[in-house]
Amino acid sequence: SLGSVLKAIASALVIVPALSYLIMDGESFTFGYHPAWARWDYWEKPTIRVFTDEQLSLHDGRDPTLPLLLAINGSVFDVSSNPTTYGPGGGYSVFTGADAARGFVTGCFKEDRTWDLRGVEGMFLELDDELDLFESGHWSELKVGGLREGRKKELRQRAEKRRAAAWEKVVGTINHWDKFFRNHEKYKYVGEVRHRDLSGEPVRSICANALKKRPP
């Protein structure tokens, strides 16, 4: 019956934490597992702050009175709880004090310490010599009789489909890292960073190491 089920659930909610408390010598009610939702601050309504890039850059660890902050595609996270990794001299200190979304995608930390994702999907474009020539504008090298309109349309559609698939991988990578920091038991989401408009600025080249990752 429903009553029996509820009674069993209630008993489990009492017995399991008690058993964990005994086994863990009074250190944990959850067998050492500490999910983010178990923290009090997880349920607190966060104070959302809007940063400029200049303001965010102050949180790179050079000033010990300020928290260590990093951003991914506009979302800012406090990583002060892990200074050995994100503080000065840490293995990932290059990410602190900036929105290095591009670096999280390419793995080129120093070259791509920027939020500018324009063109980064190129590292995920499947290798296709014909489409590479078409997208680079070298139509004469395709040897297709002057590229009739029908042929151009076909290549354009294939190129758009390939680039859309590559962009999905960029989004997936960004979402992965956003989820990592947002759900981490030690890190906290604290706000957003507003970037300047990049219109008119040249598109960055893809770093050499990222180009090596292009799928066949």
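Asparagine 73 is partly exposed in the predicted model, with a relative accessible area of 44%. This value lies between the limits of 20% for buried and 50% for exposed residues, so the residue falls into the intermediate class. Asparagine 73 is located in the loop between S2 and S3. Its phi is positive, at about 50°, although the residue is not a glycine. Most residues other than glycine have a negative phi.

Strands of a sheet pair through backbone hydrogen bonds, in either the parallel or the antiparallel sense.

Both senses occur in the pairings of S4. Strand S3 (residues 75-78) is antiparallel to strand S4 (residues 188-194), and the two pair over 4 bridges. Within this pairing, phenylalanine 77 stands opposite tyrosine 189 in S4. S1 and S4, in contrast, run parallel and are likewise joined by 4 bridges. Threonine 52 has arginine 194 in S4 as its bridge partner.

A search of the whole structure for disulfides returned 1. The bond joins cysteine 108 to cysteine 207, with an S to S distance of 1.9 Å. Cysteine 108 lies in the loop between helix H5 (101-106) and helix H6 (129-136), while cysteine 207 lies in the loop between S4 and helix H8 (208-211). The pair therefore ties together parts that are 99 residues apart in sequence. The torsion about the S-S bond of cysteine 108 and cysteine 207 is about 75°, which means that the disulfide is right-handed. Cysteine 108 and cysteine 207 are both buried, in contrast to asparagine 73, which is partly exposed.

Note on methods. Residues numbered from 1 in each chain as written. Predicted model: local features only at pLDDT ≥ 70, side-chain atom pairs only at ≥ 80, totals over all residues. Heavy atoms only, no water. Pairing = 2+ DSSP bridges. Buried < 20%, exposed > 50% of the residue type's maximum accessible area, 1.4 Å probe, protein only. Disulfide = S-S within 2.5 Å.
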